[in-house]
Amino acid sequence: MTSVRGGLPDVREIAETVTDPELPMLSLADLGVLRDVWVTHAGTVVVSITPTYSGCPAMDAMRADLKRALRDAGYEDVEVRTVLEPAWTTDWISSAGRAKLAEAGISPPHSAPIRAAGPIQLDLGATVRVLRCPQCGSARTEEQSRFSSTACKSLWRCRSCLEPFEHIKEI
Amino acid sequence: MGHSDHLDDYGDAYGAIAEDNDAQRWAFGSGFDDPLAGVDTSVPSEVDGTDLAAYCLMLGDDALILSHRLQEWVSRAPELEDDVAIANIALDLLGQARLLLARAGKADGTEREEDTYAYLRPASEFRNVALVELENGDFAHSLARLLVFSTFRLALLDQLRTSRDPVLAAIAAKGVKEVTYHRDYAARWMLRLGDGTPESHQRAADGMAAVWPCVGELFTPHEIELRLATAGVGVDPSTLRAEFDAVVAQVLSAATLQRPPESASSATDGDTDAAGGRDGRHTEALTGLLQEMQGLARAHPEATW
């Protein structure tokens, strides 16, 4: 297996230019959704991607965008495969990706929670975590909702600059 | 990519949508990519593919039907944040349903697609529990249902992560992360309602009382569930009851609510007339739901646009 073919650009480099349809400041590689890219002996480019959430409606758009980018680069035979295991985690968002999120006013995730043994605990206490406002840097922020404009984000408000902002929630 | 290339690609919005025939992604019906594309869907050794398919339909139909009920709330929730939250929860469940229905068609060898299961089966072929098909009622009723369902499903998916079927195990591992947030949302709302005003407390209590008769069915094992549990592929739901009871007790206590009397659920405990969802026996509520969910697909078979 190889990632280059005579005279054509590297397939991984091409795939890494494709951005997320809902977080266009991030590439699929930054997001950790792009899992692998290779060329088979028969010349087929195989790209494997993993969904962030089960219902992520952007998966079809990602497949189409990957195929289009690779075809535009001269690779006619492209296959996009889904990988479900291991499940995506926000820990796979690259440090470059985190910087791009912050620059775009989206609070990047902290480390994903580590699971204790036994049943998953239900915590009914108040949210005590502190997030910095990506606009003004204030720590006087509060969570409005665990769900926001996409499945992967929660909704916050800054009590200093009064702006709302989104946070990529840890999974 | 240069600016002019970008215009070539997207300057014509209709062309951008229509250019790739593999991805007619705005249609309801055919045109969605197979959510299991490229996943090895062979059936593990010594597992009956028909049983596995039926089991995937049980888990998939629970998610699909509750997803539809939650979608009915969108634009009607008390606050915009709740519209968004409920839509996200419904979307997660729809995603789980798509994977499970697609897995069913691979497991029994019929190669039926997710849409065939979702849009073309009559009510008698749906295998969901009664809990998910009931009418929404008021917001407290719907949140009581979501608490009961997500507590049950989280315990189930958590056990299923070690299934011998690697596809089910992967779907479950992903679902655990999602349903943890669903249970959290429902529990926090029950807390606000139960420990709120006298009116909200009463509605939360009424909601729990209304859904409680459906709890017994969740933990009554079907013979297919028992066979697959023995084979290390499925979960015997009766083993999940202790965890369920502990979590529900935690929420009800914090919400100053009483657990509904056990007699209220005895009607479905082991009673095959009432607890027959896994065998395709349903209430009229499911018929009405399917008329709406399937109407467009049935009126325009094979439609793509």
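Two residues are taken to be in contact if their C-beta atoms, placed from the backbone, lie within 7 Å. The structure is a predicted model, in which local features need pLDDT of at least 70 and side-chain atom pairs count only at pLDDT 80 or more, while totals for chains, interfaces and linings use all residues. Residues are numbered from 1 along each chain as its sequence is written, and chains are lettered from A and ligands numbered from 1 in the order in which they are written.

The contact between the chains takes 29 residues from chain A and 45 residues from chain B. On the side of chain B that touches chain A, helix 8 of chain B supplies the largest share, 16 residues. This side comprises 24 nonpolar residues (Ala, Val, Leu, Ile, Met, Phe, Trp, Tyr, Cys and Pro), 14 charged residues (Asp, Glu, Lys and Arg) and 7 polar residues (the others, Gly among them).

Chain B contains 14 helices and 0 strands, where helices (H or I, at least four residues) and strands (E, at least two) are DSSP runs numbered from the N terminus. Of its 305 residues, 49% are buried, that is, have 20 or more other C-beta atoms within 10 Å of their own, with C-beta atoms placed from the backbone.

A nonpolar core is a set of buried Ala, Val, Leu, Ile, Met, Phe, Trp, Tyr and Cys residues joined through C-beta atoms within 7 Å. The largest such core has 130 residues, of which A:A15, B:L131 and B:M190 touch the most other members. Helix 4 (residues 80-107) of chain B gives the most to this core, with 15 residues.

Technical notes:
A residue is buried if 20 or more other C-beta atoms lie within 10 Å of its own, exposed if 12 or fewer, and partly exposed in between; C-beta atoms are placed from the backbone.
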